[in-house]
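These entries record what I looked up in one structure. The model is shown first, and my notes follow.

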Amino acid sequence: MSQDEGTKGRTRRAILVESTINCSSSTHRDNATAHDGPTVAKAGELAAAAPDGNAAAPDGPAVPVDRERARAAFLAYVAPYDPANPRIALKIAHALRVADLCDRIAHEQSWPAADIDLAWLCGLLHDMGRFEQVRRWDTFRDAVSCSHAKLGASVLFDEREHLGAPVPAGDPDFGTPRIRDFIDSSAEDAVIRAAVELHSDYRLPRDLDPRTRVFTELVRDADKIDILRTVDEDTPETILGCDADELLASSLSPAATRAFGARRCMLRDDRSQPADFLVSFACFAFELAYPQSRGIMREQGYATALLTKPFGIEAPFRNPHTRSEFQRMAHELDLYLEGVHE
């Protein structure tokens, strides 16, 4: 591989990971400062209200989902976007893993079989907008293109297009929204649309109905869990744009310390140091809605590893304050994921 090809590959991966940090968008700053306001809600409020911390999906229409059909429809949709392209391949794999995580979280909450299938489908479809995003703008960065979540909802529910061109009259699919490729019934369209359209918002609207909220929060949890896997298994050059030496020499900003202390995610514009990015990833744990999600995150170990051995680096941070803060944060995060909330 040439040096230029390697640089382009690292840039593509960095953009991919940055684009999937749904709690770090500068476009949602208003919501970020309104945690306790009337219109937005922090993750898990409904689950926290349940006696055991679980939030069973309120009764719905029990619409059947044919998983094999839905998986085939997904793969057929992404095929024209060139699955051999590393960026597209990563998004396909991410969608399939998020679907499986949604299935697992819903199973562990003992949801009805139909709701588990619907959760799986919401996870599969959550990033449908990414493929058109990269085709139109050659980027996964919402800030310089559009909201990939809203684009995904449009791809599924608005006028059907094929690679940007409207489906012509006379085509068998004319007038039929793409979501019908995945599921026949429209009874759960509002739930699916919200799960796709809101999965990357910093905060969810408070006025979401309970059934829509539990599915949307479940997708957001699964998305965060898989992002941490992607980050931990890569390199500081790819994820942070710096080498290991620069990372270990970096300091921790007050903004990162405040976010961790407040048990909330960081905004993208609040991260000024390489070390801040590691804290911002670890803070994903505080935004998980369900105890099952925290259990999976603890089981995988990626969140704590980013604070103890980021990217597998054994050497400590050189700044004594950064080093001690990371040790403290790792301990507190481990307790949090165990369910010991200070």
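Entry 1. I began with T216 and found it in helix 10; helices (H or I, at least four residues) and strands (E, at least two) are DSSP runs, numbered from the N terminus. This is a predicted model, in which local features need pLDDT of at least 70 and side-chain atom pairs count only at pLDDT 80 or more, while totals for chains, interfaces and linings use all residues. Residues are numbered from 1 along each chain as its sequence is written, and side-chain values use heavy atoms, with hydrogens and water left out.

Entry 2. With neighbours within four places in sequence set aside, T216 is in contact with A194, A195, L198 and L204, where contact means heavy atoms within 4.5 Å.

Entry 3. I then looked at helix 10 as a whole. Helix 10 covers residues 210-232, which is 23 residues, and spans 33 Å from its first C-alpha to its last, close to the expected 33 Å at 1.5 Å a residue; the expected span is 1.5 Å times one less than the number of residues. I noted that 22 of the 23 residues in helix 10 are buried.

Entry 4. Next I examined the packing of helix 5 (residues 86-108) on helix 10, and found an angle of about 125° with the axes 9 Å apart. Axes are lines fitted to C-alpha atoms, for helices over the stretch in contact, and angles run from 0 to 180 degrees between N-to-C directions. Helix 5 is therefore oblique to helix 10; angles under 35 degrees count as roughly parallel, over 145 as roughly antiparallel, 65 to 115 as roughly perpendicular and the rest as oblique. Residues of helix 5 that take part include H94, R97 and L101, and those of helix 10 include L218, A222 and I225.

Entry 5. I located P80 in the loop between helix 4 (67-78) and helix 5. P80 is partly exposed, because its relative accessible area is 41%. P80 and L163 lie 83 residues apart in sequence, yet their C-alpha atoms are 7.9 Å apart in space.

Entry 6. Finally, I recorded that the protein chain has 17 helices and 4 strands, and that 53% of its 342 residues are buried.

Conventions:
Buried < 20%, exposed > 50% of the residue type's maximum accessible area, 1.4 Å probe, protein only.
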